[in-house]
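Visitor: I'm new to this one. Could you walk me through how to read it?

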Amino acid sequence: MDITEITPEQRATEEAAYARDQSALAHIQNLRFFPLVVSGGSGARLRTASGRELIDLSASWTASAFGHGNPTIAEAVHRAALTGAGSSALSAAVTGTTEVAERLVNTVPVKHPERAYLGLSGSDANTAAVEAARRATGRPTIVSFSGSYHGGFGTSRDVSGITESPGPGSLVFDYPLTEAALSQLRPQLTEALKSGTVAAVITEAIQCDGGVRVPDAGFLPTLRELCEATDTLLILDEVKAGLGRTGSLFAFEASDIRPDIVTLGKSLGGGLPISAVIGPEAVLDVAPASALLTNAGAPICAAAADAVLDLATDPALAEEVDSLGPRARERIADYRGSERAGVDSIVEVRGRGLLLGVELRAPAGSQLDDGQLAALTIYRAWELGVVVYVVRNNVLEISPPLQIAPYDLDRGIEIILGALDDVVSGRVPAEVLDRFAGW
């Protein structure tokens, strides 16, 4: 089906379906930028309530990294559902869940891969990792970095540097994007870790919600060195960037280091809720019955994770990502070399593999600020047939399903750039954003 602009009839149908959602679903669950109503999907395409097809360049914030309706995942889930092996690993050893835990321990390259915690989301995985680190070391403080996002509630939110103020026991340093910034950070971090009060340092190898920011190449090796010297645990949050998105299985592998603990989520379940923490027995066994979630490790979700690991470790996937990432960059570079309306509004394109950030800037003299420009661009992209979201106020995060067809990637990028042209040219009224708070 061709991707075309929404018609008045389609808009009416989708708006009616969206109104039903808004009258039933609690708004504390809403992070909305446009009235997207999804009724189905296949691969890198979503189907709306009106039957319209959209190219998905978000993959549900990477949770659908292996596409919508993936048959490998669907078949694994179907088999698990038919066996009826309970709904929890809380008080029983469930064979399929044990096998996934063993596989994670054997797959994730941490220093001492001995245990895997299984949870429901990245938020609880990071909470479990942080609280276990505090218990195991007897130290109260967690170091994180500005712009980091580790979870939406509780401890994981408290240690996120993207919040307005850090929570108790959290020490936030600037995320070093340059060699000069890293040189400035090193003595500050050295002093903090030498205090003997820091249990762990938690970071992302590439910040996602912080604006798809890539740190200086020496950042992770520096953290590994300083943590090693002070018996401080190093936690790598791979919830969003992990499992093949950057061209390697884990984003941190580009730095050739081994963290103490790795956290996973989002794409691990292929659309179902499962997360993981992989690390040493001395940390993850220290406080039994301290992370109780009844449905954690449910065999249906574990089956999905097992199928995802099959897909993520297929060498062909890395080849696809290594091809598609540069392809997307080339399309944007061609645009920036043109004389189209939105060219001067693109500040930078950054990221790795199929995790790309396009930072936007409002034109000089515009009545829009940078955030409004970005929000209107993705709203217009939704009207034209693409789903893409904003992070860090003015950065378009391009994170499609990893097996997206080249045609869909090309067409999706072109639609986004056309949407930017329309906004810069004043063809999208700012008031369309009044109903959508976004972040």
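Visitor: In strand 15, which residue is the bridge partner of valine 390?

Guide: Leucine 396 is the partner. This is a predicted model, where local features need pLDDT of at least 70, side-chain atom pairs count only at pLDDT 80 or more, and totals for chains, interfaces and linings use all residues. Residues are numbered from 1 along each chain as its sequence is written, and side-chain values use heavy atoms, leaving out hydrogens and water.

Visitor: What is the pairing sense of strand 14 and strand 15?

Guide: In general, strands of a sheet pair through backbone hydrogen bonds, either parallel or antiparallel. Strands here are DSSP runs of E, at least two residues, numbered from the N terminus; helices are runs of H or I, at least four. Two strands pair if DSSP finds at least two bridges between them. Strand 14 and strand 15 (residues 395-398) are antiparallel, over three bridges.

Visitor: What is the strand order of the open sheet?

Guide: The four strands run 11-12-15-14, with antiparallel pairing. Strand 11 (346-352) and strand 14 (389-391) are at the edges with a single partner strand each, so one side of each has no neighbour in the sheet.

Visitor: Which strands does helix 12 lie across?

Guide: Helix 12 (residues 406-424) lies across strand 11, strand 12 (355-360) and strand 15. Contact means heavy atoms within 4.5 Å.

Visitor: How many helices and strands does the chain have?

Guide: The chain has 12 helices and 15 strands. Its C-alpha atoms fill a box of roughly 60 × 55 × 40 Å, taken along the principal axes.

Notes:
Axes are lines fitted to C-alpha atoms, for helices over the stretch in contact, and angles run from 0 to 180 degrees between N-to-C directions.
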